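This briefing summarises selected features of the structure shown below.

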Amino acid sequence: MKCSQGEGFSNGELQRFGNIELSPSAGVLNYGQGLFEGLKAYRKEDGNILLFRPEENALRMRLGAERMCMPSPTVEQFVDAVKATVLANKRWIPPAGKGSLYIRPLLMGSGAVLGLAPAPEYTFLIYVSPVGNYFKEGVAPIHLIIEHDLHRATPGGTGGVKTIGNYAAVLKAQSAAKEQGYSDVLYLDCVHKKYLEEVSSCNIFVVKGKVISTPEIKGTILPGITRKSIIDVARSQGFQERLVTVDELLDADEVFCTGTAVVVSPVGSITYRGERVLYNKGGVGAVSQQLYSVLTRLQMGLVKDNMNWTVELS
Ligand code: PMP
């Protein structure tokens, strides 16, 4: 789908996957006007397909578009385009329990612009790919390192929206962490350098005693849809959304990450300033295990969806 600045998108069409043509002075290439989303489609045992809260991704893209001076598809256009793309790619969805189809909606300033300004034209497209587990460890614990010097977001910046530049900002620390054998990087706030923010591509939760806490959203953390869903599931279990310090993290009983790609991943260890803290002796904690199974059973259609979160396609 395409549209000009100040106008709405008209409905798009299905095309074969392939390269797209862009002007060298496209807004997205020069001034980073790009936003994306990530969703998954799971195949059920009966062959039908389930999407998880796609309207939440549509709403997040609309909020992001507002921050990035871009027009965006309506919620209905977004969800209809996701459904049409998934149905057209049905044969790529792995069998039940064997993975999922990752769906990547992308909105960009595709029009040419030389001086710094919003692009005159925008393109919205969706592509898909079958995927297995995000971390090579699967649902086994992941190992994080806290980054002290580099930050992915600053107050007043764009950290709270899913814009492409946020991911460019994490590549350096993330590549270094992976080279050293860590799964990913955990970022701290850039003002006090003591409050937890999030991981390069997922949100973080800390469990102490009977209380589950996660950093509150203040513009520097992406409001994850998995995070929101886990909060709804965990609300009855003593839940807090607030500032969480590194000291609390290091003293936690259990830590886990949430995201579309990682689902609920237990954290086996955190390394901070050269010291490594193990959780559950490096194994999977009970809370992560329970929330993982509640969420995945809902997403895969193994239990009745009383939350009304899934959208079924056949
Ligand atoms: N934080 C960041 C920076 C992310 O890229 C993602 C993945 N979209 C998340 C958190 C988790 O968000 P969600 O649960 O919507 O996938």
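Two strands are taken to pair if DSSP finds at least two bridges between them. The model is predicted. On that criterion, strand S13 (254-259) pairs with strand S10 (residues 203-208) and with strand S14 (residues 263-272), and S13 also supplies at least two residues of the shell around the ligand.

**Strand S13 and its partners**

- S10 and S13 run in the antiparallel sense and are joined over five bridges.
- Within this pairing, Ile204 stands opposite Cys257 of S13.
- S13 and S14 are likewise antiparallel, here over four bridges.
- The bridge partner of Gly259 in S14 is Val263.
- A hairpin is formed by S13 and S14, with three residues between them.
- S13 is largely enclosed by the rest of the structure, because five of its six residues are buried.

**Surroundings of the ligand**

- There are 13 residues around the ligand, and those that come nearest are Gly224, Ile225, Thr226, Gly259 and Thr260.
- Helix H5 (225-234) and strand S13 each contribute at least two residues to this shell.
- H5 gives the most, with three residues.
- By class, the shell comprises eight polar, three nonpolar and two charged residues.

**The annotated lysine, Lys162**

- UniProt, in an unreviewed entry, places the feature "modified residue: N6-(pyridoxal phosphate)lysine" at Lys162.
- Lys162 is located in the loop between strand S7 (142-147) and helix H4 (164-179).
- Lys162 has 23 C-beta neighbours inside 10 Å and therefore counts as buried, the threshold being 20 or more.
- Leaving aside residues up to four places away in sequence, Lys162 touches Leu35, Phe36, Glu37, Arg60, Gly64 and Leu222.

**Positive phi angles**

- Most residues other than glycine have a negative phi.
- Arg53, which is not a glycine, has a positive phi near 45°.
- Arg53 belongs to the loop between strand S4 (49-52) and helix H2 (54-67).
- Arg53 is buried, since 20 other C-beta atoms lie within 10 Å.
- Val263 also has a positive phi, of about 55°, although it is not a glycine.
- Val263 is found in strand S14, where it is the bridge partner of Gly259.
- Val263 counts as buried because it has 22 C-beta neighbours inside 10 Å.

How values were computed:
Residues are numbered from 1 along each chain as its sequence is written. This is a predicted model: local features need pLDDT of at least 70, side-chain atom pairs count only at pLDDT 80 or more; totals for chains, interfaces and linings use all residues. A residue is near a molecule or strand if its C-beta atom, placed from the backbone, lies within 6 Å of it. Ala, Val, Leu, Ile, Met, Phe, Trp, Tyr, Cys and Pro count as nonpolar, Asp, Glu, Lys and Arg as charged, and the others, Gly among them, as polar. A residue is buried if 20 or more other C-beta atoms lie within 10 Å of its own, exposed if 12 or fewer, and partly exposed in between; C-beta atoms are placed from the backbone. UniProt positions are given in the numbering used here, feature names are shortened, and annotations may be inferred rather than shown by experiment. Two residues are in contact if their C-beta atoms, placed from the backbone, lie within 7 Å.
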